[in-house]
Amino acid sequence: MKIGIPRERKPLEGRVALTPAAVRELIADGNEVRVETGAGVKAGFADADFRQSGAIIADSLAEIYACDLVVKVKEPQPEEFPLLRPGLMLFCYLHLAACPDVLAQLLEKRVTAFAFETVTVGGRLPLLAPMSAIAGRIAVQIGMHYLQQPEGGAGLLLGGVMNTPPGKVVVLGAGVAGSHAAIMASALGADVWVLDQSEAALEALHSQHRSINCLRYDERALTMLAPDTDLLIGAVLLPGAEAPRLVSRALLAKLPRGRVVVDIAIDQGGCIEGIRPTDWRAPLYWEDGLGFAAVTNMPGAVPRTSAQALSRAILPHVRFLGTGDWKKDQVFHTALATENGVIRHPALLPA
Ligand SMILES: NC(=O)c1ccc[n+]([C@@H]2O[C@H](COP(=O)([O-])OP(=O)(O)OC[C@H]3O[C@@H](n4cnc5c(N)ncnc54)[C@H](O)[C@@H]3O)[C@@H](O)[C@H]2O)c1
C-alpha cells in the first residue's frame, strides 16, 4: 500500500504522525511510504532521517494525498480539503463532533475516515490516551504560567511555599487527561480536587494518590469548590460525541478573579459554557477577570515527546491497515467515522 504522511497545517502544530523508525517498519512490511518535506522537522526528524528509513520525500501535499492511505495527526485543514477524494483512506485525530466543516468534506468526498480518538480496545482508547496524558500535564503548566501576575493572573504559586497556603486545583474528569493533570498539580504541592461521575475512575486515581481529593461529580460539589478555585481544568469525555457542558457562566462568576480555566475537552466542543477555541499563537484570553485557555492541539507544543508517543501508539494499527482487511477487524469498526458518503460512528449521528 502507498502511505502518505503530510506536514501538519494546524497553527504551530509540530507533531508528525510517524517517526523514521516506524516508517522503516512499514516499509519492511512491503508498503511504500511518502513523507512530505519538512514534516518531521519540528519534532526533531529531518527529511534525511526519513530518507534513511526508506521513505520517499515528496515536495507537495498533492503527492501525499495521491497515496492510498494518509496518516496524519490532526483533522484536515481547509488547505487539504480540495485533495480529499473518493477511495482515500484517512487515519488521524478527527474530532468530528466539534468540526462540522470537516465532517461535511469527508462525506461529500466519500473518504473512508478512521478517527484515532475512537479506536477502542478492551473498553479503552489507546490512541487518545498518550495525547490525553500530555494534554493533562500541559494544562497544569498553562495554569502555573498564567497565574503569575506579569501574565495577568492573581500572582500565586500553585504549590505555595512554607507558611503559605497552596493553590486549589479543581479537575473535571478522572480519566487519562484529568488524572495526569491532578497528579502533576499534586506533585507541585497544590490542593487538588477531582470530580467525575464514574466511581471506578475516582477509585482508580484515589487508590494510587491518597493526597488527591476525589468526589462524585455533582453541580453542588462544584459550586462549593468554586469560590476558592485557582485553576479549573475540564477533562471529561463522551467518546466521539460532543463534551457535556458541566460549567455554566453562573458558576464561572463564583471563581475569584485572576484565576485560570483550561478546557482540555475543547477538541470535543468543550465542557465550559461560552469558552472559545484558541491555538498556540495565543493560547489564553482574559474575559471577565478570568483567563481561558482552550487549545485544541495541546500536545502539538511538545512535538518531540508527542510524536514519539503517538507514533508508538498508532504503528500497530497503521501496519494492520497496510497489510490486512480492516473490514474484518472489530477495532477498525470502532474507529470508522465516515465511509462512502455515510456517517458510520454512532456518536456522530444526529440525535
Ligand atoms: N485539547 C487537546 O489537545 C486534547 C488532547 C488530548 C485529549 N483531549 C481531550 O481530553 C478529554 C479527556 O480525554 P481522556 O482521554 O482523559 O478521556 P477519558 O475517557 O480517559 O476520561 C474522561 C472522563 O470523563 C468522565 N465524564 C464523562 N462525562 C462526565 C460527566 N457528565 N460528568 C462527570 N464526569 C464525566 C468519564 O467518567 C471519564 O472518567 C477529551 O475530550 C479528549 O478529546 C484534548
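## The area between the domains

About 1,700 Å² is buried between domain 1 and domain 2, and carbon and sulfur atoms give 60% of this area. Buried area here is the accessible area (1.4 Å probe) that two parts lose on being put together, summed over both. Pro11, Leu12 and Leu125 supply 27% of the area that domain 1 buries against domain 2, more than any other three residues.

The model is predicted: local features need pLDDT of at least 70, side-chain atom pairs count only at pLDDT 80 or more, and totals for chains, interfaces and linings use all residues. Residues are numbered from 1 along each chain as its sequence is written, and side-chain values use heavy atoms, with hydrogens and water left out.

## The two domains

Domain 1 covers 2–125 + 302–348, and domain 2 covers 129–300; these bounds come from an automatic or database domain assignment. The C-alpha centres of the two domains lie 30 Å apart.

## Contacts across the interface

In domain 1, 24 residues are in contact with 21 residues of domain 2, where contact means heavy atoms within 4.5 Å. The rule finds 10 residue pairs in polar contact across this interface, both residues at pLDDT 80 or more. The side of domain 1 that touches domain 2 is made up of 13 nonpolar, 6 polar and 5 charged residues. Ala, Val, Leu, Ile, Met, Phe, Trp, Tyr, Cys and Pro count as nonpolar, Asp, Glu, Lys and Arg as charged, and the others, Gly among them, as polar.

A polar contact is a pair of N or O atoms within 3.5 Å; within protein, one must be able to donate a hydrogen and the other to accept it, and residues adjacent in sequence count only if both atoms are side-chain atoms. Salt bridges (a side-chain nitrogen of Lys or Arg within 4 Å of a carboxyl oxygen of Asp or Glu) number 0 across the interface.

## The open sheet

An open sheet of 8 strands has the order E3-E2-E1-E4-E5-E6-E14-E15, with mixed pairing. Strands (E, at least two residues) are DSSP runs, numbered from the N terminus, and two strands pair if DSSP finds at least two bridges between them. Strand E3 (56–58) and strand E15 (342–343) are the edge strands, each pairing on one side only.

Strands E4 (residues 69–71) and E5 (residues 89–92) run parallel and are joined by 3 bridges. Leu69 has Met89 in E5 as its bridge partner.

## A hairpin

Strand E12 (residues 284–287) pairs with strand E13 (residues 290–293) in the antiparallel sense over 4 bridges. Trp286 has Gly291 in E13 as its bridge partner. The hairpin has 2 residues between the strands, and Asp288 takes a positive phi near 50 degrees.
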